[in-house]
Amino acid sequence: MGEKNDAFCAYMEKKDIFADFINGTVFGGRKAVLPEELEPAPEAYHAEKQNGGRSRRRGRYRDVAKKRCREGSYCVLSVENQNELHYAMPARCMEYDALEYAGQLRKRRQHHRKKKDLKESAQFLSGLAPEEKLDPVVTVVFYHGNKKWEACRDLHGMLNFEGENEMFRKYTANYRMNLYTLEDLDEEHFTTGLRDVIAMMKRAGDKEAMKAYCRENEERFQEMEEETYDVIGVMINHRKLERYKEKNRIEGGKVNMCKALDEMMEDSRRDGRRDGIRIGERNGEQKFAALAGRLMADSRTKDLEKAVNNEAFRRKLYREYGMK
């Protein structure tokens, strides 16, 4: 799955973070789903696959899934995290949803078989009573990769409707993904630590923008939850933040991320200056070695001796030999 997807999935397992993500994406910031309404939902599905007359189980695994319950009504909510383009994502999500519905049907059949309460052949055939309904399934795809999403957003985009196939388009069932990219998200639609995770991910390529956002939200960044601090470090490719966590830890299990960021950036600048000096020294040595070789080849040993201690004369010789 990748380090970023693993980190984000682990973060999303928290009910408040999961609810905040659904509210901030699907509902534009409206608090339609509450953390206390969420229950565990299956994240693994197993389907039977025939192989040469023998049956074997094939596993499919969702990233994060929760079941929302309100007033006796259930809805299965799932989030799939993507750091890379996936050209078959609509079909993949459709398969997950189909497996969830198939699992619900299987449980209903088992329930009725045990109770022996189905009365007609149609009910026996379907495994459902006429008034029964399945729980809806909503799958959200969050793409946070570096490349622009250029893959399909629905099943029809994956299908060949060219030529004579065009006549079948309106009769072919479609499946539309609920796809959200970083560009689609407004961090102000989130209310948990996810707000700062999303904001920093959007600014990951611009250190000054990250620093400015940190300053604008200094109160939160000075007392950031450790889990949020950790996931930000992974998602913005600054794993070095781990080094600065302990010395900037404060009471209550929180971390002063403002200070940690400042220290990390200052150390990076200092390391950059040291690297620049080392590179300059190495390049200077290589340049002088080349000059010495040219002077020796031209039997100018006296000029070489003078060049060792006379910088102005050395520069003159560089220009003479066309060495920049």
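Me: Is Gln 123 buried or exposed?

Reply: Burial is read from relative accessible area: buried means under 20%, exposed over 50%, and partly exposed in between (1.4 Å probe, protein chains only). Gln 123 has a relative accessible area of 10%, so Gln 123 is buried. This is a predicted model, in which local features need pLDDT of at least 70, side-chain atom pairs count only at pLDDT 80 or more, and totals for chains, interfaces and linings use all residues. Residues are numbered from 1 along each chain as its sequence is written, and side-chain values use heavy atoms, with hydrogens and water left out.

Me: Where does Gln 123 lie, and with which residues is Gln 123 in contact, leaving aside its neighbours within four places in sequence?

Reply: Helices (H or I, at least four residues) and strands (E, at least two) are DSSP runs, numbered from the N terminus. Gln 123 belongs to helix H4, residues 121-126. Contact means heavy atoms within 4.5 Å. With neighbours within four places in sequence set aside, Gln 123 is in contact with Leu 118, Leu 128, Ala 129 and Pro 130.

Me: Where does His 156 lie, and is His 156 buried or exposed?

Reply: The loop between E6 and E7 holds His 156. His 156 is buried, because its relative accessible area is 15%. Its contacts, leaving aside neighbours within four places in sequence, are Phe 161, Arg 169, Thr 172, Ala 173 and Asn 174.

Me: What is the relative accessible area of Gly 157?

Reply: The value for Gly 157 is 44%, so Gly 157 is partly exposed. Gly 157 lies in the loop between strand E6 (137-143) and strand E7 (178-181). Between the C-alpha atoms of Gly 157 and Ser 299, which are 142 residues apart along the chain, the separation is 74 Å.

Me: Why is helix H5 described as largely enclosed by the rest of the structure?

Reply: Helix H5 covers residues 194-202, and eight of its nine residues are buried, so the helix is largely enclosed by the rest of the structure. The buried residues of H5 are Leu 194, Arg 195, Asp 196, Val 197, Ile 198, Ala 199, Met 200 and Met 201.

Me: Where is Glu 188 placed, and is Glu 188 buried or exposed?

Reply: Glu 188 is in the loop between E7 and H5. Its relative accessibility is 54%, so Glu 188 counts as exposed. Glu 188 and Gly 253 are 65 residues apart in sequence, and their C-alpha atoms are 25 Å apart in space.
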